[in-house]
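Here is a briefing on backbone geometry, surface charge and salt bridges. Please look over the sequence and the model before reading on.

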Amino acid sequence: MNPVGKPGKAGALMAVEVALQRLLDMAAATPITQHETVPLAAAQGRVLAQDLVSTLDLPPWPNSAMDGYALRLADWKGEPLLVSQRVFAGQAPEPLAAGTCARIFTGAPVPAGADCVEMQENAVVEADERVRFGEPMVIGQNIRPQGQEATVGEQVLAAGTRLGPVELGLAASLGRASLDVVRRVRVAVLSTGDELVEPGQELGPGQIYNSNRVLLCGWLRSLGCDVVDAGILPDELPATRERLAQLSDVDLILSTGGVSVGEADFLGIALREEGELALWKLAIKPGKPLTFGHYRGVPVIGLPGNPASTLVTFALLARPYLLRRQGVQAVAPLKFKVPAGFAWPKAGSRREYLRGRMENGRAIIYRNQSSGVLRSAAWAEGLVEVLESRTLVEGDEVGFIPLSEVLG
């Protein structure tokens with residue numbers, strides 16, 4: 001059994017946390033500093049480049065949280081009150097006349113002088129159109145105060161926030177029509193090996209279709225990256241050098257398959273000629289081999305070639321790296337503790353990420369966990385984490401990372 005030890009120790013495997021921290025440190029050392037202003041409609045999935053600071057109080061004035069009646073509580077002694085005005089959302093009310101109430105609707109500004117709103121369900125309109133209130137009331141009841149959500153000068157969103165529909169809605173509520181965002185990360189995706197054929201072409205002897213390219217290009221675009229499809233590298237050194245030389249304007253070269261120390265590893269040879277490359281053996285399954293380095297100053301991440309290995313290592317390592325390059329601090333996906341709906345009788349030396357889903361409140365796993373079976377991920381709803389040196393019986397707790405947490 002290979003020990004999980006310190007990186008560099010002969011035969012040792014690098015812990016997942018160590019590899020991730022190394023990648024995050026490297027990402028933080030080479031941040032994407034350029035940014036651009038884009039309209040809200042184009043900001044989905046982008047990363048905020050500057051703090052979003054409120055330029056107004058939100059709400060800008062006290063407003064009613066209910067359809068009902070606004071009154072000054074000190075004016076009410078239990079007697080019915082005359083309705084002196086009706087206030088709809090979007091209207092500017094008159095100050096409340098002493099000894100009266102105002103008919104008011106949800107979102108409407110509360111008249112000056114009123115300090116309480118009673119919901120219409122607790123009010124009775126008498127025959128003379130005065131309103132009787134039968135329930136005890138308190139000052140501030142059903143009133144949203146000015147600045148309840150944000151005040152002028154308050155930081156509402158921090159730089160480094162990934163912008164989703166909620167964040168964009170919040171920016172819109174502050175009157176922002178555009179936002180300053182980090183420019184997109186430019187990622188070149190390439191595959192290695194003469195055995196790979198693009199979908200739509202005829203397979204030759206010993207050849208397989210290249211699924212990783214489609215998987216990674218789509219995934220990167222969902223992360224807001226600009227993708228340079230560098231295709232499949234042939235198994236020859238001059239062509240490899242030529243292809244790499246064309247990628248000088250990207251922020252990351254992302255490869256799948258075959259970066260090693262073997263004499264037929266032409267990508268590795270080319271990278272070492274004009275850069276640096278470290279081969280990390282990780283205590284993770286699937287996905288033990290991972291490489292990181294530089295080619296002419298451009299960072300390079302080499303993922304393993306088997307599809308499930310590519311998926312797991314991109315989700316847990318490359319994705320956080322790309323987010324951190326853009327200044328995102330919260331890069332770890334949410335992980336939940338759930339009971340296992342399966343047994344795991346044999347402890348492994350590596351941390352395993354099984355493709356699974358939730359069923360009847362428990363995590364179950366796909367029948368075939370081979371690193372070459374991408375169908376397991378299409379069936380799955382998440383990654384089930386089984387720690388190294390751990391056995392399980394049904395009901396034991398495991399970690400569960402929803403795929404929705406990492407695919408976008």
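## Briefing

Glu-274 is partly exposed, with a relative accessible area of 36%. Here, buried means under 20% relative accessible area, exposed over 50%, and partly exposed in between (1.4 Å probe, protein chains only). This is a predicted model, in which local features need pLDDT of at least 70, side-chain atom pairs count only at pLDDT 80 or more, and totals for chains, interfaces and linings use all residues. Residues are numbered from 1 along each chain as its sequence is written, and side-chain values use heavy atoms, with hydrogens and water left out.

**Salt bridges**

- A search of the whole structure gives 14 salt bridges. The criterion is a side-chain nitrogen of Lys or Arg within 4 Å of a carboxyl oxygen of Asp or Glu.
- Side chains of opposite charge can pair when their charged atoms come close.
- Glu-274 meets Arg-296 in a salt bridge, at 2.8 Å from N to O. This pair links distant parts of the chain, 22 residues apart. Glu-274 sits in the loop between helix 5 (266-273) and strand 18 (275-281), and Arg-296 in the loop between strand 20 and strand 21.
- Helices (H or I, at least four residues) and strands (E, at least two) are DSSP runs, numbered from the N terminus.
- Glu-385 pairs with Lys-335, with the closest N and O atoms 3.0 Å apart. Glu-385 is in strand 25 (residues 382-386) and Lys-335 in the loop between helix 6 (307-325) and strand 22 (336-339), so the bridge ties together parts that are 50 residues apart in sequence.
- Glu-385 is buried, at 6% relative accessibility. Lys-335 is partly exposed, at 43%.
- Both residues belong to a salt-bridge network that links Glu-17, Lys-335, Arg-351, Glu-385 and Glu-388.
- Arg-130 forms a salt bridge with Asp-128, and their closest N and O atoms are 3.5 Å apart. Arg-130 is partly exposed at 34% relative accessibility. Asp-128 is partly exposed too, with a relative accessible area of 48%.

**Backbone geometry**

- Most residues other than glycine have a negative phi, and most peptide bonds are trans.
- The bond from Leu-58 to Pro-59 is cis, with omega near -5°. Pro-59 lies in the loop between strand 2 (52-53) and strand 3 (63-64).
- The bond from Lys-285 to Pro-286 is also cis, with omega near 0°. Pro-286 is in the loop between strand 19 (284-285) and strand 20 (289-295).
- Asn-142 has a positive phi of about 60°, although it is not a glycine. Its loop runs between strand 9 (131-133) and strand 10 (143-144). Asn-142 counts as partly exposed, at 21% relative accessibility.
- Arg-296, the partner of Glu-274, has a positive phi near 50°. Strand 21, at one end of the Arg-296 loop, spans 298-303.

- Leu-237, Ala-239, Thr-240 and Leu-244 are buried in helix 4. Seen down the helix axis, the buried residues fall within an arc of 160°, so they line one face. The arc is that of the directions from the axis to the C-beta atoms.
- The face turned away from this buried side carries the exposed residues Pro-238 and Glu-242.
- Glu-236 is in the loop between strand 16 (226-233) and helix 4 (237-245). Glu-236 is partly exposed, with a relative accessible area of 42%.
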